[in-house]
Protein chains: 2
Amino acid sequence: MKKDDDNSAKKETQGMTVRKSGNFSEWYNEAVLKAKLAGFAPVGGCMIIRPYGYAIWERIQSALDTSLKKSGHRNAYFPMFIPEKFLHKEAEHFEGFVPEVAWVEEENEKYALRPTSETIICDAYSKWIRSWRDLPMLVNQWCNIVRWETKVTKLFLRTREFLWQEGHTAHATKEEADAEVMKILDFYVDLAQNHLAIPVLSGRKSDSEKFAGALYTTTMEGLMPDGRALQMGTSHNLGQNFSKAFDIKFLDKDGKEKNVWQTSWGVSTRLIGAVAMVHGDDRGLVLPPRIAPVQVVIIPIIFEEGKGAVLDACKKVKERLGKDFMVELDDNDAYSAGWKFNEWELRGVPIRIEIGPRDVRNGEAVLVRRDTGEKTAVKLGGLEKAVKDMLDSIQNSLFRKAKKFLDDNTVSASSYEKLREAIGKRKMVRTSWCGSPDCEEKMKGETTATIRVMHPLGKKGAGSGTAKCVCCGKAAKHTVYIAKAY
Amino acid sequence: MKKDDDNSAKKETQGMTVRKSGNFSEWYNEAVLKAKLAGFAPVGGCMIIRPYGYAIWERIQSALDTSLKKSGHRNAYFPMFIPEKFLHKEAEHFEGFVPEVAWVEEENEKYALRPTSETIICDAYSKWIRSWRDLPMLVNQWCNIVRWETKVTKLFLRTREFLWQEGHTAHATKEEADAEVMKILDFYVDLAQNHLAIPVLSGRKSDSEKFAGALYTTTMEGLMPDGRALQMGTSHNLGQNFSKAFDIKFLDKDGKEKNVWQTSWGVSTRLIGAVAMVHGDDRGLVLPPRIAPVQVVIIPIIFEEGKGAVLDACKKVKERLGKDFMVELDDNDAYSAGWKFNEWELRGVPIRIEIGPRDVRNGEAVLVRRDTGEKTAVKLGGLEKAVKDMLDSIQNSLFRKAKKFLDDNTVSASSYEKLREAIGKRKMVRTSWCGSPDCEEKMKGETTATIRVMHPLGKKGAGSGTAKCVCCGKAAKHTVYIAKAY
């Protein structure tokens, strides 16, 4: 399982060698490794998140944590060790998670390394919550998670340990829990679309795909370039399932003792993988400016003559832009400008600024967009505005391009034959479903695709009386989106 | 091991019942539990860091992370699973940590849950580092740590799982590694003294107390109110011990292949325990303003008459102060003002602002300092300045008070008898030591106190030729500070 963590250093091949339109999976690995986002760990199924990858995670954390705090959520930290008996308390939950649990044992106890923390947090809530005054309880934690899977490792997408946030809330009524689930899903969709520049379909999961122990699960799903859907975040209404199993009761204003209603929700470092897949190209990563750890890289174009003036100009530009943007000046003498162009392209930095002797004479700088390669000479006086406008333009353009891909690859299927054909072509298929587990099972068995979302938000439901289930022909209850998935 | 996590809710006793000058250990537990900083987990030896405690950790993280990033350090994340064979590579390191390791096993592998991450990071560095151009490598990670101790649990001070940051750097020369060790120790001392308001002694550890596998260890130590020293942060020069064991070599500018020099360093959630111990009083926590999650709490003093005007005034004050400070308005109708006073005192909020009908008429607010209880009526026009000045004054005053305690309880001992006597009185003892492990062992065996720091920074060494070892009478090499420790 030990793999080469740093191709570029070892093989001395700097750039990408695989095309995105060729072997997508190999392209992804190469792009992630060469951008130094992450590497394979010397531990089966684990990854190392390298500083550049972690810096993206910090920007994601910062964006989401701000939304969570503004809406009254507070962070906490619960033990990663979950007593075995806790996992048993909610039967569906136990069945859903136990197959992929890693255990630590001592004489009389056996602890699971948290695959998720509902149970240990519910135990705490059963002690902390007494009265309606204690509600809502809105707690989140940022932590590591262990799922001891044996499938193939995929950096950011499938590893035995990953980082995430998990929110756990308790409310007095189902309505409040419903509202919380939607509020969080909105935060997630905002994060995906407005920060990661990835368009998503959001809505409910079918019962067979919901979180183990939940009343219902909502999700946001992106469509990756290989035509497979990626679940990018989920927000669950746990109903009173856990609160009954863990006896979480409160004295309500009416003097009656009631079980709380709960939600839980999470997004993980998987989001970084989604960004790499959706926006990258044959030269490596392309990062959306709002989550890029370096938004602008300045590269001096140096000849012996005028070297000092060029470096001075670069430093001044760095100082100026550093006030508003995340800027790096790459004045390392050991590498050529050409090498640096390739390197920062691999890493997906949105804007490269080139400054050479002629630019100094003209009072200009050359801005190069990572996403299109377009070059623009800009007068130094208007640099801040030009950079800001270009970053905005890149952010918007990445989203539009990804949205077009999603739209172009989402097709309607009115018959089972058309569904199979579209799935074969790796499309996201919009169709109608009667709601029966038998039809769902049949579609999944025959196409290996699954219902990713039903009742997509902002779309009219299909159960208006006219639509028929694509599988059995009976009256449909749900509009569903079906695709193969990661 | 299952304990009551929330005394206040269950026993309905709101305030402190134990005096700090009485049973210090019980006082500490009660203060931490009632302030809702942390609770005992239903997992042997583990704690839950509750939102209020975690918010302090976030402020500590923010202060330190800013210093680290400004000085070029970058965060990353390495797996928590350490292959057993890695721990074996550095013999001293193995012996030091294996007794307290928790293991996860699968068929052909055995993984330690990281007690610290030197080994797995060294393995990565052996792949990432090729040339002098890759140095210095300055990486930090914020993560959870597992030390499967069987001693009694003490919230924040001794738990099987805790949170920390661990820095791991690689350098071309010993001198650069030495400088890094000192730079980090300076950051730690700044954090302790200027943020936590805790004076510390800093300097080197003796060989017997150094980090397992290090060349030498530096530390900062605080003196707790019970006269025991607390190690609050350590910064190690690892020399080339790990770089030889893990074969971390670089091609230097002179064309020669060399082993890197390394450092590692960390502070943990233990710092929160130190803050509680040092500053707390008989009414609960007292938090230094620079790490208090709530710096100012506004409590309306409400009578039926003029209730609206009081609440309006409180909201306006909150809005104004919220721009510069971390402010909470406690307008919860369910509790009396007196109950709230006690509650926010328990939680150690630096300033309480009371606004009642008479204050509204007079255009005033009453500011109450948590540390002294002093009340000051302030005209609303000058509120921001008054709050800022009072927060500064509290921060300084807490430090001065703790410094006086440290100074008053640090005594010099010129004879072994005086050393024993002073240790018996729970003092921090300044004395001289010849440097021999035998004398160190003897002192430890007979007094249960240990050398906490030697060669304290900013003090003249004792090895000037005149001082004698307090134990054997031979020429002293080091000024040392000896105390019982946590």
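Visitor: What do the buried residues of α11(B) pack against?
Guide: In this predicted model, they pack against α2 (24–34), β15 (296–300) and β17 (351–355) of chain B.

Visitor: And which residues of that helix are buried?
Guide: Glu343(B), Trp344(B), Glu345(B) and Leu346(B) are the buried ones, in a helix that runs over residues 337–346.

Visitor: What follows α11(B)?
Guide: Gly348(B) does, and its phi is positive, near 80 degrees.

Visitor: What about α3(B), which glycine follows that one?
Guide: Gly72(B) follows α3(B), again with a positive phi, near 90 degrees.

Visitor: How many residues does α3(B) have, and how far does it reach?
Guide: There are 20 residues in α3(B), and from first C-alpha to last the helix reaches 28 Å. That's close to the 28 Å expected at 1.5 Å a residue.

Visitor: Which of its residues are buried?
Guide: In α3(B) those are Pro51(B), Gly53(B), Tyr54(B), Ala55(B), Ile56(B), Trp57(B), Ile60(B) and Leu64(B).

Visitor: OK, how do α3(B) and α7(B) cross?
Guide: The axes of α3 (residues 51–70) and α7 (residues 174–195), both of chain B, come within 11 Å and cross at roughly 145 degrees. The crossing of α3(B) past α7(B) is right-handed.

Visitor: Which residues make that contact?
Guide: On the α3(B) side you have Ala63(B), Leu64(B) and Ser67(B), and α7(B) brings Phe187(B), Leu191(B) and His195(B). By class, the contact of α3(B) with α7(B) has four nonpolar residues, two polar and no charged. Leu64(B) also turns up among the buried residues of α3(B).

Visitor: Switching to Tyr125(B): where is it, and is it buried or exposed?
Guide: Tyr125(B) sits in α6 of chain B, residues 118–128. Tyr125(B) is buried, because 23 other C-beta atoms lie within 10 Å, and 20 or more make a residue buried.

Visitor: What is it in contact with, if you leave aside the neighbours within four places in sequence?
Guide: Met137(B), Ala170(B) and Ile248(B). With Ile248(B), Tyr125(B) is 123 residues apart in sequence, yet the two are 6.4 Å apart in space, C-alpha to C-alpha.

Visitor: Now the prolines. What's the peptide bond from Leu135(B) to Pro136(B) like?
Guide: That bond is cis, with omega near -10 degrees. Pro136(B) is in the loop between α6 and β7 (137–146) of chain B.

Visitor: And what is the bond from Leu135(A) to Pro136(A)?
Guide: It's cis too, omega near -10 degrees. Pro136(A) is found in the loop between α6 and β7 of chain A.

Visitor: What's the phi of Phe156(A)?
Guide: Positive, about 70 degrees, although Phe156(A) is not a glycine. You'll find Phe156(A) in the loop between β7 and β8 of chain A.

Visitor: Why does Phe156(A) count as buried?
Guide: Because Phe156(A) has 24 C-beta neighbours inside 10 Å.

Visitor: And Arg426(B), what's its phi?
Guide: Arg426(B) has a positive phi of about 60 degrees, and it is not a glycine either. Arg426(B) lies in the loop between α14 (416–424) and β21 (428–433) of chain B. With 16 C-beta neighbours inside 10 Å, Arg426(B) counts as partly exposed.

Visitor: Let's look at whole chains. How many residues of chain A are in contact with chain B?
Guide: 39 residues of chain A, in contact with 39 residues of chain B. Elements giving two or more residues to the chain A side include α3 (51–70), α6 (118–128), β7 (137–146) and β8 (161–171) of chain A.

Visitor: How does that side divide by class?
Guide: The chain A side that touches chain B has 25 nonpolar residues, three polar and 11 charged.

Visitor: Last topic: what domains does chain A have?
Guide: The domain assignment gives domain 1 (67–279), domain 2 (296–391) and domain 3 (410–483). The C-alpha centres of domain 1 and domain 3 of chain A lie 27 Å apart.

Visitor: How many residues are in contact between domain 1 and domain 3 of chain A?
Guide: 14 residues of domain 1 with 15 residues of domain 3, both in chain A.

Visitor: Which element gives the most on the domain 1 side?
Guide: β9(A), with four residues. Both β9 (201–204) and β10 (216–223) of chain A supply at least two residues there. That side of domain 1 has three nonpolar, six polar and five charged residues.

Technical notes: Residues are numbered from 1 along each chain as its sequence is written. Chains are lettered from A and ligands numbered from 1 in the order in which they are written. This is a predicted model: local features need pLDDT of at least 70, side-chain atom pairs count only at pLDDT 80 or more; totals for chains, interfaces and linings use all residues. Axes are lines fitted to C-alpha atoms, for helices over the stretch in contact, and angles run from 0 to 180 degrees between N-to-C directions. A crossing is left-handed if the near helix is turned anticlockwise from the far one by less than a right angle, and right-handed if clockwise. Two residues are in contact if their C-beta atoms, placed from the backbone, lie within 7 Å. Ala, Val, Leu, Ile, Met, Phe, Trp, Tyr, Cys and Pro count as nonpolar, Asp, Glu, Lys and Arg as charged, and the others, Gly among them, as polar. Domain bounds come from an automatic or database domain assignment. The expected span of a helix is 1.5 Å times one less than its number of residues. A residue is buried if 20 or more other C-beta atoms lie within 10 Å of its own, exposed if 12 or fewer, and partly exposed in between; C-beta atoms are placed from the backbone.
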